[in-house]
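Biologist: I am new to this structure and would like to learn how to read the places where its parts meet. Could you take me through them slowly?

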Amino acid sequence: MDIDRTNVIMSPLERRLNTISRHLIQGCFSDSTSIVASPAFYGASVFQNVAQAPEDPILGVTVAFNKDPSPLKLNLGVGAYRTEEGKPLVLNVVRRAEQLLVNDLYRKKEYLPITGLSDFNKLSAKLILGSESPAILENRLATAQCLSGTGSLRVGAEFLTKHYHQRTIYIPVPTWGNHPKIFMMAGLSVKTYRYYDPTTHGLNFKGLLEDLSAAPNGAIVLLHACAHNPTGVDPTQDQWEHIRQLIRSKNLLPFFDSAYQGFASGSLDTDAQSVRMFVADGGDCLVAQSYAKNMGLYGERVGALTIVCKTTDVARKVESQMKLVIRPMYSNPPIHGASIVTTILKDRNMFYEWKLELKAMADRIISMRRQLYDAVSARGTPGTWNHIIKQIGMFTFTGLNSKQVSFMTSEYHIYLTSDGRISMAGLSSDKVPHLADAIHAAVTSIA
Amino acid sequence: MASRTAISCGIARRLSSGYGFATRSMSSWWTDVEPAAKDPILGVTEAFLADTHPDKVNVGVGAYRDDDGKPVVLECVREAERRIAGSENMEYLPMGGSVKMVDETLKLAYGENSEFIKEKRIAAVQALSGTGACRLFAEFQKRFQPDSQIYIPIPTWSNHHNIWRDAQVPQRTFHYYHAETRGLDFASLMDDVKNAPNGSFFMLHACAHNPTGVDPTEEQWREISYQFKVKNHFAFFDMAYQGFASGDPERDAKAIRIFLEDGHLIGCAQSYAKNMGLYGQRVGCLSILCEDELQAVAVKSQLQQIARPMYSNPPVHGALVVSTILSDPTLKNLWLKEVKGMADRIIGMRTKLRENLENLGSPLPWEHVTKQIGMFCYSGMTPEQVDRLTNEYHIYMTRNGRISMAGVTTGNVGYLAKAIHEVTKSS
């Protein structure tokens with residue numbers, strides 16, 4: 001007779017003895033002193049069919065690099081700045097801010113508000129929009145501190161899915177690998193617009209205009225504010241103006257990703273021009289900002305999402321809805337990185353010092369571009385290579401194909417993403433010859 | 001003169017760009033956005049801060065206060081930060097966060113010498129405190145068990161509902177709190193467990209239930225675990241108060257250990273917000289116990305895939321504080337002492353509050369004040385009584401009658417008791 005366990009009335013003690021005896025029957029003693037239940041006892045996991053996810057293509061490059069024992073290896077994968085010595089850099093001004101914070105005995109570590117540190121939000125908006133921006137003066141912004149660029153994009157996208165009438169976002173081809181995932185996970189459908197022209201290693205302006213013209217009215221458009229990732233190809237000022245007119249004429253909603261302000265040209269204002277141009281015309285837009293690169297705060301996850309609205313009243317309502325997106329995601333943002341940023345932006349001397357250090361990083365990258373271009377030219381490597389100096393920001397889209405990339409990795413221990421993107425920030429003067437040799441070999445031996 | 005020309009040129013340019021036409025029709029994008037309701041918990045502190053009354057008391061949000069009503073930064077945390085400042089490397093953590101921090105954190109939940117840790121059967125990632133850990137799990141549940149629902153106790157922390165809703169996992173509730181006794185409705189709880197379809201997902205508070213402070217006894221936990229085994233249910237533990245409930249982290253993990261002994265493959269969200277006072281640093285961990293190492297690797301990789309389009313990788317600073325403390329025996333001992341100190345102060349305030357209420361001759365029973373455990377006391381007061389407390393006595397708490405005992409001090413317990421007595425004596 002089968003005993004239906006659910007109907008057997010046992011006292012708690014009896015039940016406990018029952019459990020232990022079941023352990024014993026299944027012979028689960030691993031040694032004489034402890035009871036260890038065997039896998040057979042558990043029943044299958046509800047997640048037994050979960051397959052291993054593929055490695056993230058960008059972060060996976062560093063994983064592979066770390067495994068390589070060769071002394072010649074060079075990591076041109078993930079976009080984190082390196083010094084001439086190939087070391088990560090914590091800015092002096094950041095270290096100073098850190099010290100001020102740790103010495104401030106009155107500093108608390110309580111929860112931030114859902115939208116983050118208020119001073120941080122105001123200063124970040126000023127940084128990207130300019131302190132004279134009409135949107136700021138007219139108090140019609142909703143800003144939330146978020147987890148770096150990724151977090152800002154995700155919160156913005158979730159907000160749009162809930163409150164915007166159009167669920168389609170247009171992203172450039174190519175774009176940062178994480179962009180489509182962010183938007184899809186948030187519930188938007190992702191379409192593309194042409195951007196990069198492989199034949200010129202520059203902007204496919206005609207294709208861009210055609211594709212955005214064909215987009216349905218009201219669609220969302222992702223724009224890289226400067227230093228397009230991965231190509232380094234940015235529109236000129238005139239091209240931006242043209243793009244702006246087209247976007248406004250079709251009521252498309254611009255969503256800026258600003259991950260490199262100050263890093264591209266060395267000037268914070270220059271790198272913000274595209275965003276400011278759009279805000280100046282009075283229309284709506286969204287801006288995601290990151291301090292990962294320009295303040296070297298990568299792992300602290302500091303960023304901000306700003307939604308530019310028509311009126312103060314609308315901005316307040318929008319902000320309240322942003323909170324409803326954030327609260328069930330992580331409740332409130334991390335305090336440490338935002339405190340560092342605020343300390344720096346608030347203090348005139350520290351702000352100035354930051355600008356100098358930022359320009360130094362940008363200048364080193366520009367110098368690397370020059371050196372690489374000269375080295376490749378000197379070797380007479382077939383093809384045109386002036387895109388190395390025309391492109392801007394942390395990355396160069398070399399134009400190398402994935403086979404050539406694999407070759408460079410296996411033969412020369414040079415690590416880069418398979419789309420041929422190299423992080424100039426990972427290059428140093430002494431490594432330029434090795435890289436130039438690798439490019440030359442790849443281009444000449446593999447089609 | 002010149003500037004006026006420049007301005008009018010600017011305007012002319014804008015009009016000629018054809019944008020003037022577009023402005024009129026663009027005004028409608030956000031005007032239909034409704035103002036969102038204030039968060040019921042966080043809105044309380046906002047209201048408190050705006051109040052200028054000298055006797056105001058904040059027993060709303062669950063952030064610890066010392067006996068002077070001041071927020072506390074633990075000594076072990078200060079020391080850890082002193083060590084870190086100047087040498088913290090701010091590079092990106094891996095998507096799964098700090099391995100060192102996660103390893104130490106698993107020991108707290110699963111046991112210092114846990115077989116599961118040794119066998120590498122736990123898929124674990126650093127998460128954005130407890131909220132982030134729950135959200136990662138909810139999204140993972142949606143992706144890999146798309147037909148499942150989540151059973152949530154009544155009542156629970158209000159944000160639990162938001163988390164699983166935004167992850168698009170349908171919710172059911174199970175009985176938990178017994179209003180008449182201000183204790184556990186064990187019989188109804190067990191009925192709900194038995195009546196749920198086999199293989200249901202349940203969210204359980206590992207200790208110091210929020211908002212009621214009512215925890216099952218050890219025997220009750222064993223019965224729940226047994227019934228879960230019979231029904232093949234999945235147990236997801238939200239452990240936000242380990243160490244804070246009894247003062248002893250090992251004791252506070254008892255429910256989890258019982259389930260592990262009984263062979264459940266649990267999920268667990270852990271937070272350092274309260275027990276290490278790291279609230280704003282957003283440090284926590286999500287773990288899922290798997291059948292074997294291979295499965296754990298697969299599950300972890302999928303959790304990372306969920307984190308990547310949400311925030312890429314978690315913040316480094318708080319994780320560094322945690323791993324600095326937990327990997328140094330001296331600092332870890334200091335931490336354990338400080339956690340016990342916080343828990344003891346709260347237990348002391350419970351005793352004082354109950355004494356005061358009984359000495360005032362309250363006609364109502366207040367035994368639950370000392371029976372309940374952790375940061376919160378579910379007073380049993382109605383929303384109307386709570387409103388009176390706020391409006392007449394400037395005492396701030398959530399309208400479900402939840403008192404954050406961490407906000408009670410020697411200095412305000414008398415005032416608090418008197419006010420509670422006044423609004424409840426006629427009921």
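Modeller: Let us begin with a term: a salt bridge is a side-chain nitrogen of Lys or Arg within 4 Å of a carboxyl oxygen of Asp or Glu. Please keep in mind that this is a predicted model, in which the count between chain B and chain A comes to 3 salt bridges.

Biologist: Which side chains meet in a salt bridge at 3.5 Å, N to O?

Modeller: Those of A:K162 and B:D166, one residue from each chain, form that salt bridge. Besides such bridges, 28 residue pairs in polar contact are found across the interface of chain B and chain A, with both residues at pLDDT 80 or more.

Biologist: Which helix of chain B gives the most to the side that touches chain A?

Modeller: That is helix 13, residues 293-311, which contributes 11 residues to this side of chain B. Sorted by class, the side of chain B that touches chain A holds 44 nonpolar, 25 polar and 27 charged residues.

Biologist: How should I judge the extent of such an interface?

Modeller: The size of an interface is often given as the accessible area lost when the parts come together. Here chain B and chain A bury about 8,700 Å² between them, with 58% of it on carbon and sulfur atoms, and the contact joins 96 residues of chain B to 102 residues of chain A.

Biologist: Now to the inside of one chain: into which domains is chain B divided?

Modeller: Domain 1 of chain B covers 42-72 + 344-424, and domain 2 covers 93-327. Their C-alpha centres lie 28 Å apart, and the contact between them takes 17 residues from domain 1 and 16 residues from domain 2.

Biologist: How much area do domain 1 and domain 2 of chain B bury between them?

Modeller: They bury about 1,400 Å², and 62% of it lies on carbon and sulfur atoms. Of the area that domain 1 buries against domain 2, B:I373, B:F376 and B:Y378 supply 39%, more than any other three residues.

Biologist: What are the counts of salt bridges and of residue pairs in polar contact between these two domains?

Modeller: The count is 0 salt bridges between domain 1 and domain 2 of chain B, whereas 7 residue pairs are in polar contact, both residues being at pLDDT 80 or more. On the side of domain 1 that touches domain 2, helix 15 (329-359) and strand 11 (376-378) of chain B each supply at least two residues, and the largest share, 3 residues, comes from strand 11. By class, that side of domain 1 has 9 nonpolar, 7 polar and 1 charged residues.

Definitions and conventions
Residues are numbered from 1 along each chain as its sequence is written. Chains are lettered from A and ligands numbered from 1 in the order in which they are written. This is a predicted model: local features need pLDDT of at least 70, side-chain atom pairs count only at pLDDT 80 or more; totals for chains, interfaces and linings use all residues. Side-chain values use heavy atoms; hydrogens and water are left out. Domain bounds come from an automatic or database domain assignment. Contact means heavy atoms within 4.5 Å. Buried area is the accessible area (1.4 Å probe) that two parts lose on being put together, summed over both. A polar contact is a pair of N or O atoms within 3.5 Å; within protein, one must be able to donate a hydrogen and the other to accept it, and residues adjacent in sequence count only if both atoms are side-chain atoms. Helices (H or I, at least four residues) and strands (E, at least two) are DSSP runs, numbered from the N terminus. Ala, Val, Leu, Ile, Met, Phe, Trp, Tyr, Cys and Pro count as nonpolar, Asp, Glu, Lys and Arg as charged, and the others, Gly among them, as polar.
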